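The sequence and structure come first.

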Amino acid sequence: MTAAVRSRRLAMPDPFRGMERKRREKLILIGVVILAVVYPLVFRALESAFPFVPWPGTSVLIICATFAILALGLNIVMGFAGLLDLGYVAFYAIGAYTTAFLASPHFGIHVSWWIVVVIAVAAAAGAGILLGAPTLKLRGDYLAIVTLGFGEIVRIVFRNLGDFTLALPAFLGGAVLIGPNANLTGGNVGINPIDPPTIPIPGPWGNEIVFSNQNATASFYLVAVLLAITFIVCTRLRDSKLGRAWMAIREDETAAAAMGINTVTTKLLAFSLGASFSGFAGAFTGAYQTAIFAESFNFAVSILVVVIIILGGIGSLRGVVIGAFAVQYVNQTLLRYLGENVINAPMHAFGEATGIALLRDFNLVNYNYLIFGIVLAIMMIRRPEGLFPVESARAELHGVGISSDTTSGTADELAVAEEFATEVTQADETQAGDPREDQR
Amino acid sequence: MTAAIGAPTAAASESGDLLIASGCTKRFGGLLAVSDIDFTIPRGGIVSLIGPNGAGKTTFFNMITGLYIPTEGSITFDGAELTGRKPHEVVRLGVARTFQNIRLFGNMTAEGNVLVGLHHRLKGRWYGAILRPPSIKREEAEAHARAMELLKLVDLDQRSQTLARNLPYGDQRRLEIARALATEPKLLLLDEPTAGMNPEETRRLTDFVRRLRDEFGLTVLLIEHDMKVVMGISDRVTVLDHGEKIAEGSPAEVRANIRVIEAYLGRGAAGAG
Amino acid sequence: MEELVKALTIGLANGLIIALIAIGYTLVYGILELINFAHADVFMLGTAFTYFALEVIVIGLGISPGSLTALLLIFAVLPVIMILTAVINASIERVAYRPLRNAPRLAPLISAIGMSFVLQNVGLVILGPSQRAVEPVLPKTDLAFFPSGTPWFGIDEVMVVGITIPLLLVLRWFVGSTRQGKAMRATAQDREASGLMGIDVNRTISLTFLIAGALGGAAGLVVALYYGQTWFQFGFQFGLLSFTAAVLGGVGNLTGATLGGLLIGIIGALSDRFLEAKWTSVIVFSILILVLVFRPTGLLSEKASERA
């Protein structure tokens, strides 16, 4: 890039011109907080004032924030440690079902949500260790398949345990151990209702604040706080000794071990901490929705979180949060809006004219996974670092030069974004067909 | 800082040897890469391991650092059993290494690379990372300061925030050494540290290695091809060929050894040389 | 006893189908070290195409099911479907995988997942969310019976065997004896060296995808006829079963994939019959995880590799 072009680039109009980076970030943060507090209160007003704008409803924002928590958690596994987990929904389910077991009429146990959430997170973390311990030594693509299988196993087990009988085989007497037709998990129907979180503060809302889908505004504030906690924890992890260890393993596992890093336990920590955030989100979702059922915890959910991370920027905390809001906004609101107001009608007309049933019955909403699938492929080919990598990553990759005020934290984010973006030649290739990672 | 690197242990006075390898053999299926090597490294010495390509030098390195498990034989380090230990355990015992084809963490900064080297010396756990009590904040600040010290030692403190993969080649080699030093080793294994360096850089590196031994009490084992370096810096030279030790002694002795000349130049060269 | 034999027979038939799909995975993995996530969805499109073809044949052309004409038309439709799925598979490689040929390993895998979802969505849109019944063109005749009179197997099973086994044999001959087959094996061993030896690597890889796609399409036709259904989720359902089979037999190993397919088919049938169908997936996935953890080179592979 010529000096003339470069200087022109840097001189572009910039609302934050002259401000130090830290100050700019602080202003953005304050802006986001104000927006988060105010929006649910003015949403309805905005809707009536500007009815043709696809405003996201508060419940949509709750879904966005939930998936932001999921994305931050999976980002630890994928973005920090470089492990591909395609069964992330399993821990989400475990968090939700733990909550349902301990805070609902299903078993008649009613522990307060504020305690249950801790147990749910621990359960998810434990499941992460159980899954990770034998499998993290596998090579990337095999690990992906194993985690996918685990995700499916969890979903199917939760579904099947709604109606099962555990008995000794006929030749041992056939005694029934559990059942017959025991119902542990509610099966296809699920568990319903579930106690939502409450705070016993009286006010215009009644005797206590109930954070359920009957009170979207309060629930949004709760999930926003949960998201903030998640974000802070992830930032601290990234900038710590553990975060550096993950980054090192991601760059070169053998060299990392040669620096004294116990790669087995470090990877397990990534997997397990990532799983706990998924459980965290699950505990909230189950209680907020006051109902869960097994089929909703399917592979498509795991993939949606992967799409968010790839789109937002793998390894970038800000990126995956923005990605979550963008993807779920599109998924829940924008697609329907564009369909109903822009695309469906011409498609129907075209279909009538040509007699093609597919066009006559066209509804954009049904094509969401096609769109996400194409997005995945395009991102991997054209922009694997994501849409919102750290600024210096974008600058670095497009030749403007390294900005001098990178903190070590963002420099490491940059590291992750670029590792994914540039062509990396693997130093030691494992033999074809052998899925084990290290050469020992 | 001088106290941290290579501080001799109480057992130092017992034996002059820091590392003792006996009968080390490594077989890969039918291939015998290293055969029955006896090898010692005296405390505070600089030893070079030389030999033609494929002689088994890096394989031997890898056995010391735990990348390979010896098929036969044993290795002890400072009194402790080293054979069969995992790589990260070997580091914690005090053995650090650099790699033949530089294995830095390319997308991390120079400082970041050195901080990783400090990993096992830091006490923080994962919950410490999340909760950030004052003790952790202090440890992190000290770690960053320490990393800068080490970068200064190898003349890279001006480029601490540069990505490792953007550093020029010579800087990368020095960064790798700084990173290895961060692990606070007693024994430093350098795998072809001057490869690709010009004479000036080579001279500076050689002086630096000598300084590591003289000022910081490190013991050094080098794999080297540059004979000027080998002859100039080594207390002792060991020669491998086809996985076997064919000569050992002072640089002068080895240089005159016929088998060594033959191994490098082929039979018949001994007479001509 | 009869139950057991019947289950085994069904298992064998399913196993051959799974083997056909598994070979598609293993061929592609052998040559690219890529798990082609979209492969099973190409198979699913094969079932969908068969559904539409039969709609045309039976309803459109009014040919009566069970008639000789219907049977002959099926055999005419088979190569057409195979060509369609072959081209789809090869196109996906060209568009979504080739640009990532030199990227880190996880990049084409993620792209493959994307392609899988694209195809599934296509299936959803053209078939709707529920299973669709395929026009029953095969005569529902039982051919063999047990001594007690219970039916053993019928034309359905013969159809499965009649289509899958010749295809497997042709494939075996092709990979083993032809020049292109040798090129495929060489490229699978060492891509760079093969290129240096004058093998057109891109063409060979495309050929591999064409073959894998064609086999998937054939399996699709067989499943549509045997199960009498098509469903946009068939890819996911059969995909994990077939991939498990490929892993069982040692990924990259053709004979292994075949034997693995038979094994999984039999295990599945036994589980369906003697346990409960709703647990079969869990059993198969557990087998997958156990094999990868304890015997990653596959049960049937000899090399328990000596690491260099």
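Q: Which residues does Ala218(C) contact, leaving aside its neighbours within four places in sequence?
A: This is a predicted model, and a contact here requires C-beta atoms within 7 Å. With sequence neighbours within four places left out, the partners of Ala218(C) are Leu20(C), Leu78(C), Met82(C), Ile163(C) and Leu167(C).

Q: What percentage of the residues in chain A is buried?
A: Chain A is built with 16 helices and six strands. Among its contacts with a separation of 6 or more, 73% join residues 24 or more positions apart. Of the 440 residues in chain A, the buried part is 48%.

Q: Which helix of chain C gives the most residues to the side that touches chain A?
A: The contact between these chains takes 44 residues from chain C and 43 residues from chain A. On the chain C side, helix H4 (106-127), helix H9 (234-248) and helix H11 (277-294) each supply at least two residues. The most, 16 residues, come from H4(C).

Q: How many nonpolar residues does the side of chain C that touches chain A have?
A: Sorted by class, the side of chain C that touches chain A includes eleven polar and four charged residues. Its nonpolar residues number 29.

Q: How many charged residues are on the side of chain B that touches chain A?
A: Chain B gives 28 residues to its contact with chain A, and chain A gives 30 residues. Helix H2 (87-93), helix H3 (110-117) and helix H4 (126-131) of chain B each supply at least two residues of the chain B side, and the largest share, five residues, is from H3(B). By class, that side has ten nonpolar and twelve polar residues, and its charged residues number six.

Q: Why does the span of helix H10 (residues 254-274) of chain C agree with expectation, and what is the distance between its end C-alpha atoms?
A: H10(C) is mostly covered, with 15 of its 21 residues buried. At 1.5 Å a residue, the 21 residues of H10(C) should span 30 Å.

Q: Which residue is the bridge partner of Leu19(B) in E4(B)?
A: Chain B has an open sheet of four strands in the order E2-E1-E4-E5, with antiparallel pairing. Its edge strands, E2 (31-42) and E5 (80-81), each pair on one side only. Strand E1 (residues 17-28) and strand E4 (residues 72-77) of chain B are joined by five bridges in the antiparallel sense. In E4(B), Leu19(B) has as its bridge partner Phe77(B).

Q: What distance separates the C-alpha atoms of Pro139(C) and Leu68(C)?
A: Leaving aside neighbours within four places in sequence, Pro139(C) is in contact with Gly66(C) and Ile155(C). Leu68(C) is 71 residues from Pro139(C) along the chain, and their C-alpha atoms are separated by 9.7 Å.

Terms used. Residues numbered from 1 in each chain as written. Chains lettered and ligands numbered in written order. Predicted model: local features only at pLDDT ≥ 70, side-chain atom pairs only at ≥ 80, totals over all residues. Contact = placed C-beta atoms within 7 Å. Nonpolar A, V, L, I, M, F, W, Y, C, P; charged D, E, K, R; others polar. Expected span 1.5 Å × (residues − 1). Buried ≥ 20, exposed ≤ 12 C-beta atoms within 10 Å, placed from the backbone. Pairing = 2+ DSSP bridges.
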